[in-house]
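Please keep the sequence and the structure in view while reading.

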Amino acid sequence: MATSKQPQLLTISPIANDVWQGLTASPKYLPAKLFYDEVGSQLFEQITELPEYYLTRTERSILEQYAGEILEAAGASLTLVELGAGTAAKTCVLIEELLQRQPRALFYPIDVSPTALDEAVHQLGRRFPLLRVNPIVADYTAGVPALSRILGRKLVLYIGSSIGNFEPPQAIRLLRRIRQTLRPGDALLLGADFAKSPKILLPAYDDAQGVTAAFNRNILARLNRELEADFVPEAFEHVAVWNRRCSRMEIYLESTTAQTVFLPALDLDVSFQSGERIHTENSYKYTQAMIESILRESGFALEHSWSDRKQWFGVHLARV
Ligand code: AVJ
């Protein structure tokens, strides 16, 4: 007798593979890109406003102070492209300045989040009627081949110190891929955090209000939401460490007890010893020499760097 069966539809979460790789590795890790679900993106916004988190505000002040010089150095008749643009809030300073130098401009914000790009199109459209915004929904880490079809001189913005999440060889590979889509005369504007005293760095990644701790723990809450895991986020402590040898901040989630977590979507049990850590992020801090060498190795020539008075953050213009 024939039995009619509904086909079984199996949905595999897009984060399943990364999570399985990281939590079965030794030592355990989770990729930093997993921070940025909706809750995590909101927590990051809050981080950028913390008194201890100097990065965003310092970079913004550099862009505000030097927007004219930066665009002057980049060259005339520019088309702007932004990698990981999000809602492009910080980009307004440069767009404003650009539209004082040329009557019209094109802006290609690139981001994985369509909702962030919608917001960018909406806000920028209202504020700058003469700016044409062409959003591209893409993961720029694989390079963006579509960039090679854009005509005219391009200035590619890669600001916000996102480069700091990549291991130096990966950062070079990414910048090379971007360079391959550019033509001679095009330029890259790179925002990167400078190496500095751990007295400044540690509080920036372990703030008094515990927002960074909540941002870090949200990754576990996300695994609970998306993979039905049973993490108790409070059973993990937020730990920030300055690794001087590698010139990077490291953040971890440290298990406060011996515990086992079950992830039904992966059919995986994960056991933690008391004090065992999950490595959730590296945030590289560069010297001027490191910036020069990363750019050179990816085929760019560093032309000019701008910084704040304390030399905490750098904005670098490099040419193809
Ligand atoms: C978004 C990668 C620039 O490394 O400072 C902030 C992320 N992590 N606090 C950084 C982050 C903890 C941030 N970046």
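K285 is found in the loop between strand 12 and helix 9; helices (H or I, at least four residues) and strands (E, at least two) are DSSP runs, numbered from the N terminus. The model is a predicted one, in which local features need pLDDT of at least 70 and side-chain atom pairs count only at pLDDT 80 or more, while totals for chains, interfaces and linings use all residues. Residues are numbered from 1 along each chain as its sequence is written, and side-chain values use heavy atoms, with hydrogens and water left out.

K285 counts as buried because its relative accessibility is 0%. Here buried means under 20% relative accessible area, exposed over 50%, and partly exposed in between (1.4 Å probe, protein chains only). The side chains of K285 and S283 are joined by a polar contact of 3.2 Å. Such a contact is a pair of N or O atoms within 3.5 Å; within protein, one must be able to donate a hydrogen and the other to accept it, and residues adjacent in sequence count only if both atoms are side-chain atoms. Leaving aside neighbours within four places in sequence, K285 is in contact (heavy atoms within 4.5 Å) with residues including D193, Y205, W242 and M290.

**The ligand**

Which residues come nearest to the ligand, of the 13 around it? They are Y53, N165, Y205, E281 and S283, where a residue is near a molecule or strand if one of its heavy atoms lies within 4 Å of it.

| Residue | Ligand atom | Distance |
|---|---|---|
| Y53 | oxygen | 2.5 Å |
| Y205 | oxygen | 2.5 Å |
| E281 | nitrogen | 2.6 Å |

The protein covers 97% of the 350 Å² of accessible area that the ligand has on its own; accessible areas come from the Shrake-Rupley method with a 1.4 Å probe, and for residues only the protein chains shown count as cover. Helix 2 (38-48), helix 8 (211-227) and strand 12 (277-284) are the elements that give two or more residues to the shell around the ligand.

I219 lies in helix 8 and counts as buried because its relative accessibility is 0%. Not counting residues up to four places away in sequence, I219 touches L30, P31, L34, F35, L253 and T280.

In helix 6, the buried residues are A171, I172, L174, L175 and I178. They cover an arc of only 165° around the axis, which puts them on the same side of helix 6; the arc is that of the directions from the helix axis to the C-beta atoms. On the other side of helix 6, P169 and Q180 are exposed.
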